[in-house]
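Good morning, and thank you for making the time.

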Amino acid sequence: MLKFKFNERTSVAYTNGNAQAQPPSPKRVDRLRPTGNTSSFASNVASVRPSTVSNDSGAGDRQDDVTDVSPEERIAALTSLTLYDKRPAYYGSIKFKESVVDNGGPARYACLSSKTSADKVLKVLTDAWKQKKPSVLLSVSGSAQDMRLDPYLKDLFTRGLASAARCTDAWVFTGGTDTGVMELAGSALAGQSGRTPCIGFASWKMISHRDVLKRRGEERNYRKLTANSSKSAALDKNHTHFFLVDNGSDEWGAEIALRADVEEELQKQNVPLVLLVLGGGPNTVDQVVASAIAGAQVLLVKESGGFALAMAEFFEPLLVDRAKLVASRDAS
């Protein structure tokens, strides 16, 4: 993998054959350099974490370290939310009927307006849901349809993501549904001891069987009854938390801007952001652009096809041109 810097805060990397590059450090990237083998995925992602982070600490372990918040403040973090039409937000917990993996209890969810501030979203996570701020944010984006990855690449991604998340005290953001790269990320993190928070941001009106979630403060049973389609998709049973974003439309992508705002707010709080991209289409473009503007370190898995492949091939000649310029400069 090689890296390409396109502003002071953001760089892009991509896989090339069997090579895998280290994501850039949070500091300014001034040089492009190839790195080692794909087996180093987890340690390379882990390299962006602050040196103060302790290893092997999952979501369950982190809850003990959350700053004390009164019961009233926990409730207020949720009851202050609204839907797009200003009605009170829906929130509660979800018990997935088809789940056979112990994910540490029911998943938490909140359905909220796309105009909600990033600060309010983070208060829900830290105050209401008692999650400690992460040391690294791993944001996963890409194909929302069924993925046909090479078995080796799929195994590398799932094992690498799980290891990277665990050893960096991370949060993982995805699109939250049980298809494509979101399902892949959820299954990678399922059943962990000290579970890593796997947090899905999804378009509220595109979620199938959402009527059962129109409650406040209740545990709801959720079962997938219809196949995913271009019109709706089910929530993934291996996620631990969901933000179901309402922007008043029946379209995919309602969550993109809010998710990017939350990512940017975490970076302002000195949490490094790594965006992992597998495949993808038009909405992936929007997600990558929004995250890159927010200062993400973007890692494109070229072999996964789709948007990741197209962007990697776009950057390849630029990398060659820059390498020639650097070599010419160093020789003079």
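Let me begin with the buried side of helix α4, which comprises A118, V121, L122, V124, L125, D127 and A128. By buried I mean under 20% relative accessible area, with exposed being over 50% and partly exposed in between, using a 1.4 Å probe and protein chains only. An α-helix has 3.6 residues a turn, so residues three or four places apart point the same way. The buried residues of α4 pack against α3, β4, β6 (170-174), β7 (198-203), β9 (241-246) and α7. Helices here are DSSP runs of H or I of at least four residues, strands are runs of E of at least two, and both are numbered from the N terminus.

A word on provenance. This is a predicted model, in which local features need pLDDT of at least 70 and side-chain atom pairs count only at pLDDT 80 or more, while totals for chains, interfaces and linings use all residues. Residues are numbered from 1 along each chain as its sequence is written, and side-chain values use heavy atoms, with hydrogens and water left out.

For the overall setting, the protein chain has 9 helices and 11 strands. Of its 332 residues, 52% count as buried. Contact means heavy atoms within 4.5 Å. Among contacts in the chain with a separation of 6 or more, 77% are between residues 24 or more positions apart.

Now to the helix packing around α4. Two packed helices are described by the angle between their axes and the distance between the axes. The axes are lines fitted to C-alpha atoms, for helices over the stretch in contact, and angles run from 0 to 180 degrees between N-to-C directions.

The partner I take up to start with is α3, residues 71-79, which packs with α4, residues 118-128, at an angle of about 150°, the axes being 9 Å apart. The two helices are therefore roughly antiparallel; the scheme counts angles under 35 degrees as roughly parallel, over 145 as roughly antiparallel, 65 to 115 as roughly perpendicular and the rest as oblique. Their crossing is left-handed, that is, the near helix is turned anticlockwise from the far one by less than a right angle, whereas clockwise would be right-handed. On the α3 side we find R74, A77 and L78, meeting K123, V124, T126, D127 and A128 of α4. By class, this contact has 4 nonpolar, 1 polar and 3 charged residues. Here Ala, Val, Leu, Ile, Met, Phe, Trp, Tyr, Cys and Pro count as nonpolar, Asp, Glu, Lys and Arg as charged, and the others, Gly among them, as polar.

And how does α7 pack with α4? Helix α7, residues 256-268, packs with α4 at an angle of about 75°, with axes 9 Å apart. That makes α4 roughly perpendicular to α7. From α4 the contact uses A118, V121 and L122, and from α7 L258, D261, V262, E265 and L266. These residues divide into 6 nonpolar, no polar and 2 charged.

Let me turn to two serines in strands. S113 lies in strand β4, residues 107-113, and counts as buried at 5% relative accessibility. A polar atom of the S113 side chain lies 3.0 Å from the backbone nitrogen of K115. Leaving aside residues up to four places away in sequence, S113 touches T82, L83, Y84, V245, D246 and L258.

S139, in strand β5, residues 136-142, is buried with a relative accessible area of 0%. Its side chain makes a polar contact with that of R259, at 2.7 Å. Such a contact is a pair of N or O atoms within 3.5 Å; within protein, one must be able to donate a hydrogen and the other to accept it, and residues adjacent in sequence count only if both atoms are side-chain atoms.

Finally, the backbone. Most residues other than glycine have a negative phi. K86 has a positive phi of about 80°; it sits in the loop between α3 and β3 (90-96) and counts as exposed at 64% relative accessibility. D169 has a positive phi of about 60°, lies in the loop between α5 (151-168) and β6, and counts as buried at 8%.
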